[in-house]
Amino acid sequence: MNRERISPTPFSWKRLGWFVLEIGLFIVVIAVVYGFQFVLAGLLRIPLSGLGVDENGMGMDSSFMLISESVLAVGSVIGLLAVHKLGHKVFPHTVPPIGLSLRGHVREAGAGAGVAAGLYAAGFLLMLLTGGITITGVHVHGAALLQTWVFFFFVAVFEETMCRGFLLGRMMDAGVNKFVALILSSAVFAILHLANPNLAALPLVNLLLAGVLLGSAYIYTRNLWFAILLHWFWNWLQGPVLGFEVSGNNFGGNLLTLERTDNDLLNGGAFGFEGSLVCTVLMLAGIFLIIRHYERD
């Protein structure tokens with residue numbers, strides 16, 4: 001991973017007040033983007049409710065989901081660029097990089113994908129060995145796998161730009177302690193998933209831990225690519241490849257078909273892998289190792 005470090009920003013009320021103003025600006029940008037989605041849906045005569053991927057992963061609804069998420073991703077990047085540029089004007093020479101540059105962070109990005117693959121390899125194998133899940137079928141839907149692969153990239157860009165690049169980064173710019181900012185931004189990340197199907201207490205805790213895991217490298221490097229690649233492959237491997245629900249949502253067209261026991265604590269039940277104790281333990285281990293790696297340096 002890249003070993004560049006960003007010095008902490010001293011706390012000041014001016015910076016905190018500016019952070020509040022930036023939140024307002026960012027919300028306005030996202031609201032405009034959402035408005036554009038509604039207009040686009042109206043022009044295409046597509047309802048925004050009930051969008052999903054059919055059993056083959058194709059169809060107009062899934063295509064619109066891809067377009068919709070790409071619009072959100074672009075909008076969040078535009079919002080982040082806007083507040084970053086204004087921040088430079090108010091606090092010249094003190095605002096850290098925006099965090100979207102790949103220069104010097106390619107290995108870090110690869111590590112994000114590697115962490116996702118490693119955690120799922122360990123978790124899936126453990127569930128298989130303990131009988132929590134059984135593979136009952138393998139179905140190759142090439143178009144579905146490709147479509148969801150692209151779709152989850154835009155999901156990762158949108159959510160990481162918003163929750164880590166904007167919320168976590170701007171709190172740190174305001175002088176908030178990096179670990180406090182990490183917990184607060186992770187709580188917001190979890191709250192954004194409250195409307196997801198089949199949410200319960202343990203999945204909510206795991207969503208909070210997922211936010212901490214995703215932001216664990218960012219608080220040291222101020223670069224988003226580790227989090228984007230981790231988020232991207234976490235979702236794609238979880239659902240389209242391994243056959244779990246993704247945070248309670250079933251996208252269809254999965255490579256593997258799973259049969260699960262009634263032990264939801266072991267296999268996550270209807271919420272997917274993120275609803276299991278296995279996920280809890282693995283994420284805690286991942287958080288510890290990542291933070292230990294940077295703190296030891």
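Let me start with helix H6 and its buried residues: Leu202, Pro203, Asn206, Leu207, Leu209, Ala210, Gly211, Val212, Leu213, Leu214 and Gly215. Buried here means under 20% relative accessible area, exposed is over 50%, and partly exposed is in between, with a 1.4 Å probe and protein chains only. That makes eleven of the 15 residues in H6 buried, and the helix is mostly covered.

A word on the source: this is a predicted model, where local features need pLDDT of at least 70, side-chain atom pairs count only at pLDDT 80 or more, and totals for chains, interfaces and linings use all residues. Residues are numbered from 1 along each chain as its sequence is written, and side-chain values use heavy atoms, with hydrogens and water left out.

Back to H6. This helix covers residues 201-215 and spans 22 Å from its first C-alpha to its last, close to the 21 Å expected at 1.5 Å a residue. The expected span is 1.5 Å times one less than the number of residues. Helices (H or I, at least four residues) and strands (E, at least two) are DSSP runs, numbered from the N terminus.

Now the whole chain. There are ten helices and two strands, in the order α-α-α-β-α-α-α-α-α-β-α-α from the N terminus. Of the 297 residues, 53% are buried. The accessible surface is about 13500 Å², and carbon and sulfur atoms hold 70% of that. Areas come from the Shrake-Rupley method with a 1.4 Å probe; for residues, only the protein chains shown count as cover. Among contacts with a separation of 6 or more, 78% join residues 24 or more positions apart; contact means heavy atoms within 4.5 Å.

Leaving out residues up to four places away in sequence, Ser76 touches Phe26, Ile30, Val157, Phe158 and Thr161.

What about cysteines? Cys163 is buried at 1% relative accessibility, and Cys279 is buried with a relative accessible area of 1%. The structure holds zero disulfides, a disulfide being a pair of cysteine sulfur atoms within 2.5 Å.

Last, the surface. Leu128, Ile135, Val138 and Val140 form a nonpolar patch with about 340 Å² of accessible area together. Leu128 sits in helix H3, residues 106-129, and is partly exposed at 31%.

How values were computed: Patch = residues over 30% accessible without salt bridge, like charges linked within 9 Å, V, L, I, M, F, W, Y side chains within 5 Å. Salt bridge = Lys/Arg side-chain N within 4 Å of Asp/Glu carboxyl O.
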